Amino acid sequence: MAGLLFALPALNILRVDITQAYVENQTELIVHSIQSLLSAIRSGASASELNDSLNQIITIVSSIVGISQQALPATDAEADAVLQDLTTHCDKLSEMQSTAVGADQGGNGNGATPTFTKQTKQAMAAASFGVAKSLKHLNGLLNGSNNNNDGGAAPPSQGPDSLT
């Protein structure tokens, strides 16, 4: 029984290591998706192009949150706050997306193409930056939980630094 008690912390470290590797990998995908979204916003791309980028961001963030909630200790208030921030930004993006999709189903019978207002596009950019900032913080927490020599700060070469 004593051997099992010593193995539990090792299992938790392994779970955090695996989560850290997953989040770092997904961070690269998020950065690319956010850059695509911002480029599409700047270039006046169609709502369907914006929706494609939004779908990618929402899917990846939802996955990161789900996996991180399972791997991180439930008693970690800072991690919980970061995951809540990610969820909030993701929900905002999803809400904006459904607004445009709703324009397509307006019931007016004219088959109008969904569009996003300038304010909605600005809010998309803000929520995307919020995702990037929260994801950078999560990476820092995961790095800090494995080696507490840097106070939990993410190394400058990792995370969505190209966006901030």
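Start with everything selected: of the 164 residues of the protein, 38% count as buried, where buried means under 20% relative accessible area, exposed means over 50%, and partly exposed is in between (1.4 Å probe, protein chains only). A word on the ground rules: this is a predicted model, so local features need pLDDT of at least 70 and side-chain atom pairs count only at pLDDT 80 or more, while totals for chains, interfaces and linings use all residues. Residues are numbered from 1 along each chain as its sequence is written, and side-chain values use heavy atoms, with hydrogens and water left out.

Switch to cartoon. You'll find four helices and zero strands, running α-α-α-α from the N terminus on. Helices (H or I, at least four residues) and strands (E, at least two) are DSSP runs, numbered from the N terminus.

Now try the surface view. The protein exposes about 9,000 Å², with carbon and sulfur atoms supplying 55% of it; the areas come from the Shrake-Rupley method with a 1.4 Å probe, and for residues only the protein chains shown count as cover.

Next, go inside. Select I30, V61, L86, L93, M124 and L138: they have the most contacts inside the largest nonpolar core, which has 37 residues. Such a core is a set of buried Ala, Val, Leu, Ile, Met, Phe, Trp, Tyr and Cys residues joined through side-chain atoms within 4.5 Å. Color helix 1 (2-43), helix 2 (47-71), helix 3 (77-104) and helix 4 (118-146), and you'll see that each supplies at least two residues of this core.

Zoom in on I30. Not counting residues up to four places away in sequence, I30 touches I57, I60, V61, V131 and L135; contact here means heavy atoms within 4.5 Å.

Is H89 buried or exposed? H89 is buried, because its relative accessible area is 17%. Leaving aside neighbours within four places in sequence, show A127, G130, V131 and S134, the contacts of H89.

Now jump to helix 2 and select S53. With a relative accessible area of 7%, S53 is buried. Its partners, again leaving aside neighbours within four places, are S33, S36 and L37.

Stay in helix 2 for E49. This one is partly exposed, because its relative accessible area is 44%. Draw a distance from the C-alpha of E49 to that of S36, 13 residues apart along the chain, and the separation is 9.2 Å.

Last stop, back to the whole chain: residues 24 or more positions apart account for 75% of the contacts with a separation of 6 or more.
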